[in-house]
Amino acid sequence: MNHKLNLSWSNWGFGCEPLSIALDRLARNGLEYIELHGNHYGPDLGYSPTKVRGLMHDTGMKGSGICGMFSRDNDLSSVSAFQRQAAIDYIKRELEFAAILGCTYLLVVPGAVGRNTAYDEMEIHRSIETLQIVAELFIEYGVKGAVEPIRAAETSIIHTIKQAKEYISQLNCSGISHINGD
């Protein structure tokens, strides 16, 4: 039995290009799915679910998932409680958005992208502890959490599939049990 491979393209790399143009181009090139830029950095920022739903309907595209954007400002592993709270709030906004659009996953990066020097020896523990606060929401929203290992030049923790598996094991939540490797 042949199974069709469902490919998706993440639009965050398209820069400031309007989503309508990206969706149209992807649809014209035979793709059915888009991984949407997780751009809900605050309650008043990011894609409107209603507008995105309409654009996807017009192009026949579907949302595969959300590319979570984790920086120093919303770092799950930060020594700053304010930055960890920002990560929690960000995940809540992205999960709601993903669920509204029928996306199946949210990419989670355990430490800030763009910070490759460790704060201290407790980073992974803080990251796990912070993510556990919202872990059950992944189940409630029906959105899978996919941990993304990123090379050491870009982040201080979780660089390999093996490390991502251990992180997921320590997290111990069925809603966050996948790995994204791109």
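How exposed is Leu-45, given as relative accessible area? Leu-45 is partly exposed, at 49%. Partly exposed sits between buried (under 20% relative accessible area) and exposed (over 50%), with a 1.4 Å probe and protein chains only.

## Basis of the model

This is a predicted model, where local features need pLDDT of at least 70, side-chain atom pairs count only at pLDDT 80 or more, and totals for chains, interfaces and linings use all residues. Residues are numbered from 1 along each chain as its sequence is written, and side-chain values use heavy atoms, with hydrogens and water left out.

## Fold and dimensions

The protein holds five helices and six strands. Both are DSSP runs numbered from the N terminus: helices are H or I with at least four residues, strands are E with at least two. The order from the N terminus is β-α-β-α-β-α-β-α-β-α-β. The radius of gyration is 16 Å, close to the 16 Å from the globule rule for 182 residues, so the protein is as compact as a globular protein of that length. That radius is taken over C-alpha atoms, and the rule is 2.2 Å times the number of residues to the power 0.38.

Along the principal axes, the C-alpha trace spans about 50 × 45 × 35 Å. Residues 24 or more positions apart account for 75% of them.

## Surface and charge

Of the 182 residues, 45% count as buried. The accessible surface comes to about 9700 Å², and 54% of it belongs to carbon and sulfur atoms. These areas come from the Shrake-Rupley method with a 1.4 Å probe; for residues, only the protein chains shown count as cover.

There are 16 positive and 21 negative side chains. Lys and Arg count as positive, Asp and Glu as negative; His and the chain ends are not counted. The centres of the two sets lie 4 Å apart, with each charge placed at NZ of Lys, CZ of Arg, CG of Asp or CD of Glu.

## Nonpolar core

A nonpolar core is a set of buried Ala, Val, Leu, Ile, Met, Phe, Trp, Tyr and Cys residues joined through side-chain atoms within 4.5 Å. The largest one has 47 residues. Leu-36, Ile-91, Leu-131 and Phe-138 touch the most other members. Helix α3 (residues 81-101) gives the largest share of this core, eight residues.

Beyond its neighbours within four places in sequence, Phe-138 has contacts that include Ile-91, Leu-95, Leu-106, Val-108 and Leu-131. Lys-144 and Gly-175 are also among them.

## Helix residues

Thr-50 belongs to helix α2 (residues 49-59). Its relative accessibility is 58%, so Thr-50 counts as exposed. Thr-50 and Leu-101 are 51 residues apart in sequence, with their C-alpha atoms 8.9 Å apart in space.

Glu-136 is in helix α4 (residues 123-141). At 49% relative accessibility, Glu-136 is partly exposed.

## Loop residues

Leu-45 sits in the loop between β2 (33-37) and α2. Setting aside residues up to four places away in sequence, Leu-45 touches Asn-39 and His-40.

Most residues other than glycine have a negative phi. Ile-158 has a positive phi of about 55°. Ile-158 lies in the loop between β5 (144-147) and α5 (161-171), and is buried at 3% relative accessibility. Asn-172 also has a positive phi, near 55°. Asn-172 is in the loop between α5 and β6 (176-179), and is exposed at 69% relative accessible area.

Methods
Contact = heavy atoms within 4.5 Å.
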